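Trainee: Could we go through this structure together, step by step?

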Amino acid sequence: MKTTPHAEALAAVLTTNSISKDYGPVRVVSDISLDLLPGSIHALLGENGAGKSTLIKILAGIIAPSEGFIEIDGMPRELRSVRDGQARGIVALPQELTLVPTLAAAENIYLGMRRTGWPGISNRRGLDRDARVQLERLGQEISLDVPVGELSAVQQTMIALARAIVRDARVLILDEPTAALTDAETEQLFTVLRALRDEGTAILYVSHRLEEVFSLADTATVLRNGHHVWTKPISETNTNDVVAAMIGREHGQVFPARSTNAGIPLLALNKVQGHRVRGISLEARAGRVLGIAGLAGSGRSELLKIIAGVERAQGGSVLLDGIDITRRSLAATMNAGIVYVPEERRSQGLVMSDTIEANIALANLRSLSVAGVALRSRESATAKRRVAELQIKTTSVRQLVAELSGGNQQKVVLAKYLEREPKILLLDEPTRGIDIGTKAEIYQLIRRLTNNGMAVIVVSSEIPELLGIADEIVVLHEGHLTEIVSADQSSNESILHLCYRKPE
Amino acid sequence: MMTLFPPLRSPKTSKNQGAFPRKSFLSRRLASSGTLIGLVGLIALFAVLRPKIFLTPLNFTNILEQIAILAMVAAVQTIVMVVGDFDLSVGSLASLVGVITAQLLVGGMDPVLAIFLALCSGIIAGAINGFLVAYLGLSAFISTLATMTSFTGLALLLSNGTTVFGLPDAFIWLGQGRVGPVPMPVIIAVILVILVWFVLSKTVLGRSWYAVGGNSEAARLSGVNTNLVRFSAFLASGFGAALAGIVLTARLASGHPSAADPLMLSSIAAVFLGITLSRTGQPTIGGTIVGLGIVGVLNNGLNILQVNSYVQQVLTGVIIILAVSLSLFSKKRR
């Protein structure tokens, strides 16, 4: 790692020169010019689908721009591959780190690098010694004997960083590096990033978490619909400014008005036991949103899955309209009017290789068929109706869901389950990793559904979200119900306090 | 709420939208049709080299007859591969069912009853595979590799390791007879392929097969009984393999304990060749037919050219690799 003399600090190490990228007829990145300066952390902000990922991929050499070019140290360069980019000191850390989980830290750090010694023979002791030096520079003490798959998320991030440093990275690109980290781990990562910056590394930092950006970055760039909105020093902007630029309007009413409907009870849980869940009793009412808060591992997701029939209750009962549905299978529970919208849209919600139409049909095969024969026209009509209703941005219902942005993918998942016309909608982290604009749409949708008499239960790790959309909030602590509170009489702090409190 | 969100991308994009689906359909087809071009190229090559023999209706019928039995196995292999699994036991199961049929017939059983029982034994074998994969959770590779070995052993046991002769003419007609100019195996294969096409593309079961292959967890959470869906794919596979074994036995007029074994690898090759035509990397029955066409035309053409059969085998491998890598290449370029 080289330290850049201060006098050169103003010359951009990496410049994008009017870069555009087209996928078919759609221009996802349009005429973007950016300068990355050595010794500076540059935040790249924008909603999902704004073009951040595409831009990162171009910078890392994964894809080539359709128009424009990259300059490195002022010289136009064409990056043909990731390797090409790394040879020129540009290293990107993807959101899902590309470490080999079965190899130890040292082997991961030096993977694919030519080292001195006997060719083809791995000198484990030498590797470990060098790796330890690198990790010490990052202030890390990481066991070199265990496979990295067994290390914590932050340790894995550090190893990925070390891997970048031994490759003499002058430009580091980080995509949502804190998505899997706790607050303490995030702080640890930031310390290291600041140290790297002070040594002269240019860092491009992509994150949805604005408070992080304001504590870390020196400069911020906002993209919207593939266009460059502005680039400003972080000291000359604020959260409202950024959000307004991201969504192209003032950050107004994100959350809809609360329900005044008292609602009749639809669903009752009676001392439900599960793997983690311990004797939970609660009630969900028609026309109301029930939020479930709790720390990771508090059993909040499991509780939803038990209600939905995805997992079996080990004790207690679940009553829908007074009918015991505790032992019913997932399919039978869906038929009874309860649907569960899973947490991970890619791995649990969607068949990525299929079309919007086929994905929406998947939970509705019976109603969209006669005697086992699927009715293509009815599938199309259904998909078109839902696409219009949920404002899914797509070229046609035959488009592959893999080609949609995260927010639109989430809407397809919702469409699929809403088509069952449930009485009770269970949402597990319904807005994770999607942009503010789509979040607001989903909040409005939830309220619209409850106004039509649906009962909604939402699990979210974002307490402000629960405070905004829920009428009542159930707080869980290690599987026990701590308290049920009214959302409009609670605050972020009071809920968080309950999350950490053991029930009596 | 409706008006708060910006319109799709830019006006330029929406202007193009009317023309977009058709254009993308065409370019998509061209970009991923390396395999299809390969088939046409092969036909053109042999037609130029041996026009008088290759390009005749008689030879066309020959090709169809040669691939008919493989087509039955490949059709059901397509189903298993749609679900995301393999069935390595199809070849040895077809051999086993062939031996069972031959032994029942030699023992004097009525052909209709013998065929019925043979088909049942194939379905039972498929159920065993399906149970191992779907309900016990073993990998399809391991389970069908194991059952393949056992099926071969059973076939050897039931035949004492020799060829079983002496089948009635009424039965042999299934493999050697013709309706007009069309050989019986071709008719049976066409019926099976149409059936598989219908189920795969038009029914709830077909949708479920594709969904489970695409993302089993998403299918499960959508209320699909994924275990049953996988199980049923292997049932279909057992049925198809049994049918192929019966027709092959009739065609050879004898039951041989390893007669159908090579069908397994060829069927997987045909499905793979077909996958190169698909937009999403999922097998389709249409793709499998093109794959079958390549395998059939290649073998037939090389025979006509009197290429040494060992060389033929080498060339078949090379051409499969060429086709698959060509289509990968065209996909990467996009």
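Mentor: Let us begin with helix α5 of chain A, where V154(A), M158(A) and I165(A) are among the buried residues. A residue is buried if 20 or more other C-beta atoms, placed from the backbone, lie within 10 Å of its own. This is a predicted model, in which local features need pLDDT of at least 70 and side-chain atom pairs pLDDT 80 or more, while totals for chains, interfaces and linings use all residues. Residues are numbered from 1 along each chain as its sequence is written, and chains are lettered from A and ligands numbered from 1 in the order in which they are written.

Trainee: How many of the 14 residues of α5(A) are buried?

Mentor: Helices are DSSP runs (H or I, at least four residues) and strands likewise (E, at least two), numbered from the N terminus. The cover over the buried residues of α5(A) includes β7 (171-175) and α6 (183-198) of chain A. The helix is largely enclosed by the rest of the structure, because the number of its residues that are buried is 12 of the 14.

Trainee: In β2(A), which residue is the bridge partner of Y23(A)?

Mentor: Strands pair if DSSP finds at least two bridges between them, and β1 and β2 of chain A pair in the antiparallel sense over 7 bridges. In β2(A), the partner of Y23(A) is V26(A).

Conventions. Contact = placed C-beta atoms within 7 Å.
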